[in-house]
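Let's take a walk through this fold, strand by strand. Have the sequence and the 3D view open side by side as you read.

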Amino acid sequence: TASIHHAVVSDCVSQAGGGIFSSGDALMVTNSTVIRNRVVDCGLAGDWSLRSYSVANTVAVAGGGILSLGSGVVQYSTLSGNTATLECEGCPFDAVGGALFASGEMHVEACTLSSNTVVVASINGYAVGGGVGALQAALRMVGCTLASNHANGYWVLGAGIACYGEYGSCDIASSTLRNTSALCSLVAGGAVFGGFGASFVLTDIVIDSTFTADSPGGRIDTSLTGGALC
């Protein structure tokens with residue numbers, strides 16, 4: 001078990017898990033701040049990658065703040081100003097989870113995720129989950145605030161939260177999403193996206209979310225259901 005308590009993790013750079021990378025062991029993060037970390041890739045997909053069969057692309061960049069491939073708990077913590085960026089303009093790769101990427105069991109409680117961003121330069125890649133990206137994961141979020149998280153790319157899935165992939169599940173309760181935006185041409189899920197076989201449950205959720213799109217016929221969409229074409 002990797003345990004991080006009352007810590008500040010800041011200004012780190014890597015290809016996966018900018019601040020914290022957990023490759024399969026149990027991860028516990030409590031009362032900590034994960035800030036201004038970033039993951040970046042120029043299209044090599046390097047030594048670390050996940051095959052995302054849901055959208056037929058390789059996840060080459062993931063978890064600007066935290067990446068967890070096993071079971072994880074993040075409590076009473078702040079993830080802010082983290083970034084996941086894919087710079088290659090023609091690569092068929094995805095960037096997922098500006099603040100947090102999970103592909104396993106993940107419980108997030110009483111946390112603030114703010115001003116995190118996922119960016120994809122390629123027309124062939126997806127920008128997924130400006131705040132949180134969960135691929136074939138069991139994600140539960142309780143009592144959290146997600147504010148001013150962004151996803152920029154030609155294709156965007158969930159500027160705030162994206163939960164996708166076969167057998168995945170997402171349960172979000174007693175949480176608030178504010179000021180989520182996407183700079184894109186095509187998008188599904190302005191604030192929240194769930195799809196490609198993942199189940200989704202939302203309970204007692206407040207969304208005060210300005211969803212914007214920089215494209216012909218762009219619109220403001222505060223829909224929970226996604227499917228917006230802008």
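Strands themselves are DSSP runs of E, at least two residues, numbered from the N terminus. What you're looking at is a predicted model, where local features need pLDDT of at least 70 and side-chain atom pairs count only at pLDDT 80 or more, while totals for chains, interfaces and linings use all residues. Residues are numbered from 1 along each chain as its sequence is written, and side-chain values use heavy atoms, with hydrogens and water left out.

Start with strand E15 (residues 100–102), which pairs with strand E20 (residues 132–135) in the parallel sense over three bridges. Within that pairing, leucine 100 has valine 132 of E20 as its bridge partner.

Now over to E16. Strand E11 (residues 72–75) runs parallel to E16, joined by four bridges, and glutamine 75 stands opposite glutamate 109 there. E16 also pairs with E21 in the parallel sense, over five bridges; here glutamate 109 has valine 142 as its bridge partner in E21. In a regular strand the side chains alternate between the two faces of the sheet. E16 has Met106 and Val108 on a covered face, with Glu105, His107 and Glu109 on an uncovered one.

What about the packing? A nonpolar core here is a set of buried (under 20% relative accessible area, 1.4 Å probe, protein chains only) Ala, Val, Leu, Ile, Met, Phe, Trp, Tyr and Cys residues joined through side-chain atoms within 4.5 Å. The largest one has 31 residues, and Leu139 and Met141 have the most contacts inside it. Among the strands supplying at least two residues each are E15, E16, E20 and strand E21 (138–142), but strand E26 gives the most, with three. Setting aside neighbours within four places in sequence, methionine 141 is in contact (heavy atoms within 4.5 Å) with residues including Val108, Val132, Ile161 and Ile172. A second, separate core has 16 residues, including Leu86, Cys91, Val120 and Ala127.

Conventions:
Pairing = 2+ DSSP bridges. Buried < 20%, exposed > 50% of the residue type's maximum accessible area, 1.4 Å probe, protein only.
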